[in-house]
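Hi everyone, thanks for making time for this. Let's get the structure up on the screen, and then I'll walk you through a few spots in it.

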Amino acid sequence: MITEFQNEYRFLSNFYPCRIDLEGITYPSVEHAYQASKTLDPKERLKIANLSTPREAKRAGQKLKIRPDWEEVKIPVMEVLVRQKFNRHPSLKRLLLTTGDQEIQKGNTWNDTFGGISLSTGEGRNELGKILMCVRKELRSTRSVLNARSS
């Protein structure tokens, strides 16, 4: 089981640098794009896209006027962004596939019980972990279909 996005599993983090395009804007990480998606204001989205680090993007996202439908769309938004991350970047795709069938948990010490699981309490929804396992399964299925076609 993968319990933290550290060391060899750092690439699983939404903070990991990788180009993400969303609605005409290019972001330096999934975190940047996810935080920008909290608003419908294109100027605010551009500001977040231009921030230096995912941590700065997260802080900026906490200060935004949140779009009214955010609670309904935040999981589908994260799914789109994570799927893009692994479909557009072959090296990251290979790394995700090398995790095999391991359960993926975004264990953390800052008590994120939505995207992950708090290491201090063991509680959390682990939405990012679930999305990563779903994307991995999709990638595996796509690879199987491509392999079958080339045989």
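Let me start with a question: is F86 buried or exposed? It's buried, with a relative accessible area of 0%. By buried I mean under 20% relative accessible area, while exposed is over 50% and partly exposed is in between, using a 1.4 Å probe and protein chains only.

Before I go on, a word on what you're looking at. This is a predicted model, so local features need pLDDT of at least 70 and side-chain atom pairs count only at pLDDT 80 or more, while totals for chains, interfaces and linings use all residues. Residues are numbered from 1 along each chain as its sequence is written, and side-chain values use heavy atoms, with hydrogens and water left out.

Okay, back to F86. What does F86 touch, leaving aside its neighbours within four places in sequence? The contacts are F11, L12, L92, K93, L96, L132, V135 and L139, where contact means heavy atoms within 4.5 Å.

F11 and F86 make an aromatic pair, with 6.4 Å centre to centre and 80° between the planes, so to speak an edge-to-face one. The rule is that rings of Phe, Tyr and Trp (its six-membered ring) pair if their centres lie within 6.5 Å; planes under 30 degrees apart count as stacked, over 60 as edge-to-face, and the rest as tilted. F11 sits in the segment before β1 (17–22) and F86 in helix α4 (residues 70–88), so the pair ties together parts that are 75 residues apart in sequence. When I say helix or strand, I mean DSSP runs numbered from the N terminus: helices are H or I with at least four residues, strands are E with at least two. F11 is buried too, at 4% relative accessible area. Searching the whole structure turns up two aromatic pairs.

Now let's zoom out to the core. A nonpolar core here is a set of buried Ala, Val, Leu, Ile, Met, Phe, Trp, Tyr and Cys residues joined through side-chain atoms within 4.5 Å. The largest one has 35 residues, and the members that touch the most others are L12, Y27, L81, V82, F86, L96 and L132. Who supplies at least two residues each? That would be β1, β2, α1, α2, α4, α5 (90–97) and α6 (127–150). Helix α4 gives the largest share, seven residues.

In α5, the buried residues are L92, L96 and L97. Looking down the axis, they fall within an arc of 140°, so they line one face of the helix; the arc is that of the directions from the helix axis to the C-beta atoms. Helix α3 (residues 54–61) has P54, A57 and G61 as its buried residues. Those cover an arc of only 55°, which puts them on the same side of α3. And what do they pack against? They pack against β2 (25–29), α1 (30–36) and α2 (42–49).

On to the loops. S37 is in the loop between α1 and α2, and at 1% relative accessibility this serine is buried. Apart from neighbours within four places in sequence, S37 contacts L22, R45, R67, W70 and V77.

Most residues other than glycine have a negative phi. E23, though, isn't a glycine and has a positive phi of about 50°. E23 is in the loop between β1 and β2 and is exposed, at 66%. N111 also has a positive phi, about 60°, without being a glycine. N111 is found in the loop between β3 (107–108) and β4 (117–118), and is partly exposed at 44%.

Last stop: cysteines. C18 is buried at 6%, whereas C134 is partly exposed at 38%.
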